[in-house]
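Here are my notes on the model, as numbered points. Please read them with the structure open.

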Amino acid sequence: KEIVEEVSEKDEVKSRILPNKNDQIYLKNRAKKQIESEVKGSYLQRNMFDKLKDPMYVDKGGIISLMGNSIIDRVIGKEPHDNRY
C-alpha cells in the first residue's frame, strides 16, 4: 500500500497518466510498463530484492502488475476495478 501511494504521488507518474487518461491503449501498454518499473525501483530502494525474483510478484498478472493498475486508478481518481489496463 505504501509503495502504491508513493508512486501515485510522483509528478512524473501523474504527467504520464493524466493527459492520457482516456487513451486505454497507452495506459495498458506504455504507461503501465513505466509505472511497474517505478514500483520495482521502490522495492529496490527498500532492499526487497527477494520480491523481484518471486513469480507471484513479477509474473504477468502478479502483484506488481496489480499495483500498476491501482496506481493508474488512483491517479485518474477511479474506484479500483472500474477499468482494467
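**Notes on the model**

1. Leaving aside neighbours within four places in sequence, Ser65 is in contact (heavy atoms within 4.5 Å) with Lys32 and Glu36. Ser65 sits in helix α5, residues 63–76; helices are DSSP runs of H or I with at least four residues, numbered from the N terminus. Ser65 has a relative accessible area of 13% and is buried, where buried means under 20% relative accessible area with a 1.4 Å probe, protein chains only.

2. This is a predicted model, in which local features need pLDDT of at least 70, side-chain atom pairs count only at pLDDT 80 or more, and totals for chains, interfaces and linings use all residues. Residues are numbered from 1 along each chain as its sequence is written, and side-chain values use heavy atoms, with hydrogens and water left out.

3. The largest nonpolar core has 18 residues, of which Ile17, Val39 and Ile71 touch the most other members. Such a core is a set of buried Ala, Val, Leu, Ile, Met, Phe, Trp, Tyr and Cys residues joined through side-chain atoms within 4.5 Å. Two or more residues each come from α1 (2–8), α2 (11–17), α3 and α5.

4. Beyond its neighbours within four places in sequence, Ile71 is in contact with Val4, Val7, Ser8, Val13, Ile17, Ile35 and Val39.

5. One aromatic pair is found in a search of the whole structure. The ring centres of Tyr43 and Tyr57 are 5.9 Å apart and the planes stand at 85°, so this pair is edge-to-face (centres within 6.5 Å, planes over 60 degrees apart). Tyr43 and Tyr57 are both buried.

Conventions. Phe/Tyr/Trp six-rings, centres within 6.5 Å; stacked < 30°, edge-to-face > 60°. Buried < 20%, exposed > 50% of the residue type's maximum accessible area, 1.4 Å probe, protein only.
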